[in-house]
Amino acid sequence: MKRTKIIDALACTDYGCEMTVMGWVRSKRGSKNVNFIALNDGSTIKNIQIVADVEKFDDELLRQIGTGASIACTGTLVESQGAGQAAEIQAESIKLFGACAPDYPMQKKGQTFEYMRQHAHMRLRTNTFGAVMRIRHNMAMAIHTYFHEHGYYYFHTPLITASDCEGAGQMFQVTTKNLYDLKKDEKGSIIYDDDFFGKQTSLTVSGQLEGELGATALGAIYTFGPTFRAENSNTPRHLAEFWMIEPEVCFIDLDDLMDLEEDFIKYCVRWALEHCKDDLEFLNKMIDKGLIERLEGVLKEEFVRLDYTRGIEILQEAIKSGRKFEFPCNWGDDLASEHERYLVEEYFKKPVIMTHYPKKIKAFYMKIDEEVPTFNGELQEPTVQGTDVLFPSIGEIIGGSVREEDYDKLKGEIEERHIPMKDMWWYMDTRRFGSCPHGGFGLGFERLILFVTGMANIRDVIPFPRTPKSAEF
Ligand code: 4AD
Ligand code: MG
């Protein structure tokens, strides 16, 4: 008989009809006469209840239908007597696909997240991870839909690259060389001429540079793919392998870029509220009581647009009135996450787009501001048209900028930072052949999922996290 998905079975009001559902047993309870089986097939957070009269079924079969087992059940859809569900199935026949061994790791309720990470291959079958993964899928759909509807082309940038976009030296090398027998030149440097690509290559930290090539031909593109960073940060917000969305668009200025960032994030949050209601309600109840209110709040708020220099002023005023921070924050310092959180969660109490950072704490490609700011009456160093979108409880969710389009200024930055010019020739060509104003940003997909699900740790919003000393599954 044809299978009905549980999401459809629960929505069906054609009581009395016969249907077959298949899934995994979440729990079984019962008495001498009747067993109640809660069945889930991943199509929804909700289980369907199967009512099995004990006398109709083989004892041994019922014994094997425990938590985790996979079964098919054919029966009559009836209006439920119990509270909390509309329909249940009065079982006529049950087929056991696979019994579940007694050491099933998701047997008990209330396991810690750390325990579940150690059993990440099975944690997907829990309510929480089911909800997170369905929301993750929905956010991917939201992103593709947003850009498609706004005239951006999905553009595929390479994962293996010979350039370091962020210049932060956090790249994983890609090689087919025999690591036990590395040939070196007289200076002691490894020879890559005979390596697979004939040069040193790595996994990409960002698709932006190639994205700019796409945008300066197609007008507007976005990437959406895996990104790799070998940064040894063991925090709840960093992964070594994460997914990034990077739109890049021509003929825009800083205000247009910030409008895009704000509109895009709000679109994604709205999509979640509209398409993931059951899962959000579950997470709101079990994980984070303020979740739905916070999501709705973001839609109502206009994001604060805050100049870095003004941000430092606010932070220093706070310090003067007794607010303690672990790290200093003088003009020129990169903000620590405690500073970002102060601004977003305590001072403004809404998302903040921070701009005009000092040039020296940002990447080489950002457009240099004409005006140099003064702080405490003193002229400071040049700033750039970079934008970080800072979110409550997440911190930086987006990093972006208007790009330096002037060939000479860009070349100056590359030289000042000792980036090997020979690796950048193709990038520089965009500034020689019809250079144009353009900009874009990178959204960390998992950071968006953190925000939308209310989960606390980035390792719990990607199926199989990659972090320092951890590449299981
Ligand atoms: O600020 P980032 O480093 O910017 C770029 O890579 C630019 N090339 C983007 C662009 O303008 N096209 O990274 C962008 C975002 C961050 O704001 C953060 O959300 C996420 O990527 N991110 C990480 N997410 C998880 N784990 C990490 N290790 C991350 N590093 C960055
Ligand atoms: Mg950044």
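Is H418 buried or exposed? In this predicted model, H418 is exposed, with a relative accessible area of 70%.

**View 1. The loop that holds H418, between α12 and α13.** Residues 407-416 form α12 and residues 425-429 form α13, and H418 lies in the loop between them. Although H418 is not a glycine, its phi is positive, at about 55°. Most residues other than glycine have a negative phi.

**View 2. K349 in the loop between α11 and β13.** The loop shown here runs between α11 (337-348) and β13 (352-358), and K349 has its place in this loop. K349, a residue other than glycine, takes a positive phi near 60°. Because its relative accessibility is 59%, and exposed means over 50%, K349 counts as exposed.

**View 3. The buried residues of helix α8 and the helices they pack against.** Within α8, which spans residues 277-286, the buried residues are D279, L280, F282, L283 and N284. These buried residues of α8 pack against α5 (127-149), α7 (254-275), α9 (291-300) and α14 (445-453).

**View 4. The crossing of α9 and α14.** Two packed helices are described by the angle between their axes and the distance between the axes. For α9 and α14, the axes come within 8 Å and cross at roughly 115°. On the α9 side the contact is made by L291, R294, L295 and V298, while α14 contributes F451, V452 and T453.

How values were computed: Residues are numbered from 1 along each chain as its sequence is written. Chains are lettered from A and ligands numbered from 1 in the order in which they are written. This is a predicted model: local features need pLDDT of at least 70, side-chain atom pairs count only at pLDDT 80 or more; totals for chains, interfaces and linings use all residues. Side-chain values use heavy atoms; hydrogens and water are left out. Buried means under 20% relative accessible area, exposed over 50%, partly exposed in between (1.4 Å probe, protein chains only). Helices (H or I, at least four residues) and strands (E, at least two) are DSSP runs, numbered from the N terminus. Contact means heavy atoms within 4.5 Å. Axes are lines fitted to C-alpha atoms, for helices over the stretch in contact, and angles run from 0 to 180 degrees between N-to-C directions.
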